[in-house]
Each structure stands twice: as C-alpha cells, then as structure tokens.
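Colleague: I have a model open and would like to learn how to read its layout. Could you take me through it?

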Amino acid sequence: MTNIAVAPMFAPRKLSDLELLMASILWGPSGAGKTTLAATAPGAKLWLMFDPGGCDSIRNRDDIYVMDFTGMPDSIAEKFKEGDAFGIKKFLAEHPDVETIVFDSVTMFGEMALRYGIKNAAASQTYAKAP
C-alpha cells in the first residue's frame with residue numbers, strides 16, 4: 001500500500017469543526033411561514049426588509065436587526081450596486097454576532113428594481129417624430 005501525503009486543508013476532520021455556509025431561497029405564498037422559518041436560522045440576523053407586512057411574525061425577537069426599506073423610493077435599488085450599500089458591510093464588521101442575512105423579500109425588491117429600470121429607461125429615450 002502506498003501512503004499519500006495530503007495537504008492539511010484536505011485532512012479529515014470533524015464536521016463540527018467546519019465552518020458551514022449556506023444560501024437558501026424560501027419561496028411560497030404569503031402566510032406560508034417563510035419569514036418564521038428564516039428567523040430560525042443560526043445566530044443574530046440582519047433583516048433587509050422590503051415587504052411592508054413582512055416582519056409581523058418576528059416583531060418580538062431580540063436576535064434580529066432590521067434595515068427597513070419599505071416605503072422607500074424605487075431608486076434605492078440602484079444604490080445596492082455600491083461597494084458598501086447603506087453601510088451593510090460596516091454594520092456586519094461591527095456586529096460579529098450576525099451569522100445570517102435575510103433579504104425579505106426578493107420579489108418586492110425585484111418589483112422595485114424593475115419599476116426603477118423601466119422609469120429610468122423611459123426617461124432616457126428620445127423619440128423621433130415622423131415627418
């Protein structure tokens with residue numbers, strides 16, 4: 001039998017010693033329990049709220065920080081292209097207890113971005129008049 005040297009990063013170790021990262025999308029009809037389920041994720045959570053009625057089921061939790069974007073103009077969608085949009089990176093650096101980020105809801109944000117994109121595109125169009 002031949003012994004093979006294994007780089008330390010590939011050496012067997014306990015699963016509990018690994019840092020586990022997970023990305024999920026919870027999709028379903030309103031009232032199905034998506035928000036409640038997301039609130040059970042590990043550690044403190046940073047909740048990026050776009051859904052006007054989205055935080056009713058988590059209102060009494062003390063492990064959730066909320067950045068409330070409900071009622072904001074559609075143009076805020078553009079700001080998410082910035083390097084540290086709304087100081088989120090800074091907030092996370094200052095709050096190492098945050099293990100989970102919840103974007104509630106992608107559908108509401110998508111609608112906001114679409115409205116902004118259509119409005120922006122329409123404003124930049126020049127229409128030639130027929131002679």
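Modeller: Gladly, and let us begin with strand 1. Six of its six residues are buried, so strand 1 is largely enclosed by the rest of the structure. Buried means under 20% relative accessible area, exposed over 50%, and partly exposed in between, with a 1.4 Å probe and protein chains only. Helices (H or I, at least four residues) and strands (E, at least two) are DSSP runs, numbered from the N terminus.

Modeller: A word on the source: this is a predicted model, where local features need pLDDT of at least 70 and side-chain atom pairs count only at pLDDT 80 or more, while totals for chains, interfaces and linings use all residues. Residues are numbered from 1 along each chain as its sequence is written, and side-chain values use heavy atoms, leaving out hydrogens and water.

Colleague: Which residues of strand 1 are buried on one side, and which on the other?

Modeller: Ala44, Leu46 and Leu48 are buried on one side, and Lys45, Trp47 and Met49 on the other, which leaves both faces covered.

Colleague: How do I read the pairing of strands, and which way does strand 3 run relative to strand 1?

Modeller: Two strands pair if DSSP finds at least two bridges between them. Strand 1 and strand 3 (residues 98-104) run parallel, joined by six bridges. Strand 2 (residues 64-68) also pairs with strand 1 in the parallel sense, over five bridges. Take Lys45 as an example: its bridge partner in strand 3 is Thr100, and in strand 2 it is Ile64.

Colleague: In what order do the elements run?

Modeller: From the N terminus on, the order is α-β-β-α-α-β-α, with four helices and three strands in the protein chain.

Colleague: What about the nonpolar core: how many residues does the largest one have?

Modeller: A nonpolar core is a set of buried Ala, Val, Leu, Ile, Met, Phe, Trp, Tyr and Cys residues joined through side-chain atoms within 4.5 Å. The largest here has 13 residues, and Leu46, Leu48, Phe50, Met67 and Phe69 have the most contacts inside it. At least two residues each come from strand 1 (44-49), helix 2 (76-79), helix 3 (88-94) and helix 4 (106-124). Strand 1 gives the largest share, three residues. Apart from this core lies another, of eight residues, including Trp47 and Ile58.

Colleague: And which residues does Met67 touch?

Modeller: Contact means heavy atoms within 4.5 Å. Beyond its neighbours within four places in sequence, Met67 is in contact with Leu46, Trp47, Leu48, Met49, Phe86 and Ile88.
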